[in-house]
Amino acid sequence: MGVIGVQLVVTMVMASVIQKITPHYSFARWLLCNGSLQWYQHPTEEQLQVLAGKQQKAKSKKERKYNGHIETKPLTVPKDINLHLEAKSITEMDTRVLHYFPEYQWLVDFTVCATVVYVITEVYYSLTNPRNEMNISIVWSLLVLIFVFKVLFSLTTHYFKVEEGGERSVCITFGCFFFVKAMAILIVTENYLEFGLETGFANFSGGAVQFLEKQGLQSQGPVSKLTFKMSLAILCGFIGAFLTFPGLRLAQMHLDALNLAKEKLTQTLLHVNFLSPLIMVLLWVKPITKDYIMNPPLGKESIPLMSESTYDSLRLWIIIALCVLRLALIRQHLQAYLNLAQKSIEQMKKEAGRIGTKDLQKMVARVFYYLCVIALQYVAPVIMLLHTTLLLKTLGLRPCSN
């Protein structure tokens, strides 16, 4: 009964949903194709020629080189051309040409199913409290994290394939920076940063030693504390390298989204969303948050404002709320990115000279073609953070039981 139970039924149902339903009713596709996002179509050569004052057919001129070869000369138009791009709502047909659309759709839809499994499992555990049954939501959350790292690794490898541009150097530089930063943070005592690494490592080593002793083996532990911290710092360096360009892209989209936002409430939510990583980090800095709640400087007697378990639950709920906020603002950020096409045209008009029609079309079209890459850079870190928080709740503490 512990094997064939409610959790297995939920897992089988969600597997069927992923296989049968999501290809037709996809939440990831709905985020892009619900009519709220507008993309800009690139102009045709005939349209550019008419705007440039050339009432002729779209044919390329040819010129003969000195070595006898005939080379096609590309058509050019003035950069200050009076061009206004046509906006169009994204349809399901348009998504077929987007780079990384299958990866984006799979990651988002699988995350939705994994989150539903987690919620149902938590309700099941709160009602029945089974003792000899494995929590299947842990497996789903781990699979989500594996897919997130796979997508981030795939996106980062593209920057290393580019010979020119400096993207490779930026990734390596930030990876080394986060490695050194992680090493410095791991030195800080638990009195300031409440990461629980000392307690976690002690519990892990103790459990491993007991397991090895039952197998008839003598051991001091699987790894030393120094090796454990070094491995953790290396992992942080890789994650920092993966999140370098998603972070830079988010900063640019934040500025563009602020310029588009008209209401004060939307601007406030955008600011909170941008500062959410800092807010999350401060929740684990004891002198700034926990010490003031556990020992508030009010009167002679220091009475805690809440219990420690309640505070731990509150921290996780704040992180979940900030993740939901970031997902709720995805359309504002993606629309700010899509507006880069018109922004590039307006910037081009301020320049002198001429530009090839093919180059102008590529400048406009590539903004839309890389929409799913930008969407992955936006949602992948949020998904990683959300399911890491859910794993912490399940494996470390159980806020719902308070």
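This is a predicted model: local features need pLDDT of at least 70, side-chain atom pairs count only at pLDDT 80 or more; totals for chains, interfaces and linings use all residues.
Student: Why is Lys79 called buried?

Tutor: Buried means under 20% relative accessible area, exposed over 50%, and partly exposed in between (1.4 Å probe, protein chains only). Lys79 has 18%, so Lys79 counts as buried. Of the 402 residues of the protein chain, 39% count as buried.

Student: Why is Tyr292 called partly exposed?

Tutor: Its relative accessible area is 49%, so Tyr292 falls in the partly exposed class. Tyr292 is found in helix H11 (residues 290-294). Helices (H or I, at least four residues) and strands (E, at least two) are DSSP runs, numbered from the N terminus. The protein chain has 16 helices and 6 strands.

Student: What makes the pair Lys79 and Glu351 a polar contact?

Tutor: A polar contact is a pair of N or O atoms within 3.5 Å; within protein, one must be able to donate a hydrogen and the other to accept it, and residues adjacent in sequence count only if both atoms are side-chain atoms. The side chains of Lys79 and Glu351 make such a contact at 3.3 Å. Lys79 lies in the loop between strand S4 (76-78) and strand S5 (86-89).

Student: Which residues does Tyr292 contact, leaving aside its neighbours within four places in sequence?

Tutor: Tyr292 is in contact (heavy atoms within 4.5 Å) with Pro287, Pro297 and Leu305. From C-alpha to C-alpha, Tyr292 and Leu305 are 8.7 Å apart, and they are 13 residues apart in sequence.

Student: Why are H7 and H8 called oblique to each other?

Tutor: The axes of H7 (residues 197-214) and H8 (residues 225-242) cross at roughly 120° and come within 11 Å. Axes are lines fitted to C-alpha atoms, for helices over the stretch in contact, and angles run from 0 to 180 degrees between N-to-C directions. Angles under 35 degrees count as roughly parallel, over 145 as roughly antiparallel, 65 to 115 as roughly perpendicular and the rest as oblique. H7 and H8 are therefore oblique. Residues making the contact include Phe201 of H7 and Phe228 of H8.

Methods: Residues are numbered from 1 along each chain as its sequence is written. Side-chain values use heavy atoms; hydrogens and water are left out.
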